[in-house]
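Let's look at how the words used for a protein model get tied to actual cut-offs. Take a look at the structure first, then follow the questions.

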Amino acid sequence: MKKNDVDYAKFVMDGLDIMVPEPRCELEHRTPFELLVAVILSAQCTDKRVNQVTQELFKTHNTPKDFAQIPLQELEEKIHSCGFYHNKAKAIKSASQDILNRFHGEVPDNFDDLLTLAGVGRKTANVVMAVAFGGDALAVDTHVARVSNRLGLVKTSEPLKIELELCKIFPKNKWSKLHYQMVLFGRYTCKAMKPDCENCVFNRTCPSSRI
Ligand code: SF4
């Protein structure tokens, strides 16, 4: 079976349905805007840590206006434990200002407009599209990149190339589900340091299997 043919794509989807039957976003949020903030905070940080930070943060600040007005230093202190707090605080404030100025205070519900927000890249825009608005989007984070390479679906570390290749291989209506399946599969089974190949449904076919 070639690693990029339709049968292999079906095989991977079936396997992920077994490994991750109920994929979901683990970032806690109540609105598209809260999700946007949480996704910005999640870069190079665990969802668990982000949830701890946002649980407190969203008690006092949860709208674009709140974040546009909060002094940069105060925001940095509040999100400090998520890492890269200086860049993340700037990104959150810039995106909030953009949403207020150009989108009447509402997070835009299409990918192209999301991508125009200061501080918002493809991964963030794709996650917000898929989770907040139910769109078909396949965001590529570190887990998706690792899993898709290990399974032989792609052979590149560049997120944009991975996204475009995966979108060619898999049906559009499966993109969002596959994103979260690969994220959770990578987080709990196909881990970066010690993949749990013994308990992986792909262990007899995966080119990276360690058993
Ligand atoms: S067999 Fe191992 S390396 Fe391959 S997908 Fe499963 S956990 Fe990852």
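Predicted model: local features only at pLDDT ≥ 70, side-chain atom pairs only at ≥ 80, totals over all residues.

## Putting values next to definitions

Q: Why is Asp136 called partly exposed?
A: Asp136 has 16 other C-beta atoms within 10 Å, so it is partly exposed. You'll find Asp136 in the loop between helix H8 (122–133) and helix H9 (142–150).

Q: Which residues is Asp136 in contact with, leaving aside its neighbours within four places in sequence?
A: Contact asks for C-beta atoms, placed from the backbone, within 7 Å. By that rule Asp136 is in contact with Lys172, Asn173, Trp175 and Ser176, once neighbours within four places in sequence are left aside. Asp136 and Asn173 sit 37 residues apart in sequence, yet their C-alpha atoms are 6.1 Å apart in space.

Q: How many helices and strands does the protein chain have?
A: Eleven helices and zero strands. Both are DSSP runs numbered from the N terminus: helices are H or I with at least four residues, strands are E with at least two.

Q: What makes H2 mostly covered?
A: Nine of the ten residues of H2 are buried, including Phe33, Leu36 and Ile40. The buried residues of H2 pack against helix H3 (47–60), helix H4 (64–69), helix H5 (72–79), helix H6 (85–102) and H8.

Q: Which residues touch the most other members of the largest nonpolar core?
A: Leu36, Ile92 and Val128, out of 57 residues in that core. A nonpolar core is a set of buried Ala, Val, Leu, Ile, Met, Phe, Trp, Tyr and Cys residues joined through C-beta atoms within 7 Å. Helix H2 (residues 32–41) gives the most to this core, with eight residues. Leaving aside neighbours within four places in sequence, Ile92 is in contact with Val37, Ile40, Phe67, Leu75 and Gly119.

Q: How is the protein chain divided into domains?
A: Domain 1 covers 6–24 + 138–199, and domain 2 covers 32–133. These bounds come from an automatic or database domain assignment. The contact takes nine residues from domain 1 and five residues from domain 2. On the domain 1 side, H10 supplies the largest share, three residues. Taken over C-alpha atoms, the domain centres are 25 Å apart.

Q: Why does the radius of gyration of the protein chain agree with a compact globule?
A: The globule rule is 2.2 Å times the number of residues to the power 0.38, and the radius is taken over C-alpha atoms. With 211 residues, a compact globule would come out near 17 Å; the protein chain has 18 Å, so the two agree. Along its principal axes the C-alpha trace spans about 55 × 30 × 25 Å.

Q: Which residues come nearest to the ligand?
A: Cys190, Pro195, Cys197, Cys200 and Cys206, among the 14 residues around the ligand. A residue is near a molecule if its C-beta atom, placed from the backbone, lies within 6 Å of it.

Methods
Residues numbered from 1 in each chain as written. Contact = placed C-beta atoms within 7 Å. Buried ≥ 20, exposed ≤ 12 C-beta atoms within 10 Å, placed from the backbone.
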